[in-house]
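Hello,

Here is the structure I promised to pass on. My notes on it follow below.

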Amino acid sequence: MNVSVVTTTVSLGGLDMLFNSLVAQRDPPEFEIILADEWYEMRKDLLADRLRRDYAGLNVKHVPITKRLPFIDHCTGWNTGLRTAEGELVCFLNDYFWAYPDYVKDHWVDFVKGF
């Protein structure tokens, strides 16, 4: 695996924007998406169905954030995702983000070149 895109979410929306942009990547290296989700238990089945139906080309690992806090804590989500990541390069994005069409490829090229 070349690139892991780690995403954390505490929202009940916003994943379509991110997934639509990642499925539209142009000539990307092999990459995975790690979705660390505070709402994992409530939407794991719904999201699995949606990923199979609408985003079959994406390699998504949907994982629960086990430490729930009474406030938004993206750091716990990113650390959860980082422990699951298999890529040589790890990029961090949030839900509601739009990755431009060469996002994954550009980050990989810069990583391989050594910046």
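Tryptophan 78 is partly exposed, at 26% relative accessible area (buried is under 20%, exposed over 50%, partly exposed in between, with a 1.4 Å probe and protein chains only). Please bear in mind that this is a predicted model, where local features need pLDDT of at least 70 and side-chain atom pairs pLDDT 80 or more, while totals for chains, interfaces and linings use all residues. Residues are numbered from 1 along each chain as its sequence is written, and side-chain values use heavy atoms, without hydrogens and water.

Tryptophan 78 forms an edge-to-face aromatic pair with phenylalanine 92, at 6.2 Å centre to centre and 70° between the planes. Rings of Phe, Tyr and Trp (its six-membered ring) pair if their centres lie within 6.5 Å; planes under 30 degrees apart are stacked, over 60 edge-to-face, the rest tilted. Because tryptophan 78 sits in helix α3 (residues 74–84) and phenylalanine 92 in strand β4 (residues 89–94), the pair ties together parts 14 residues apart in sequence. Helices (H or I, at least four residues) and strands (E, at least two) are DSSP runs, numbered from the N terminus. Phenylalanine 92 is partly exposed too, at 41%.

Now to the inside: the largest nonpolar core has 21 residues, and Val3, Phe19, Leu22, Phe31 and Leu58 have the most contacts within it. Such a core is a set of buried Ala, Val, Leu, Ile, Met, Phe, Trp, Tyr and Cys residues joined through side-chain atoms within 4.5 Å. Helix α1 gives the largest share, 4 residues.

Enjoy looking around!
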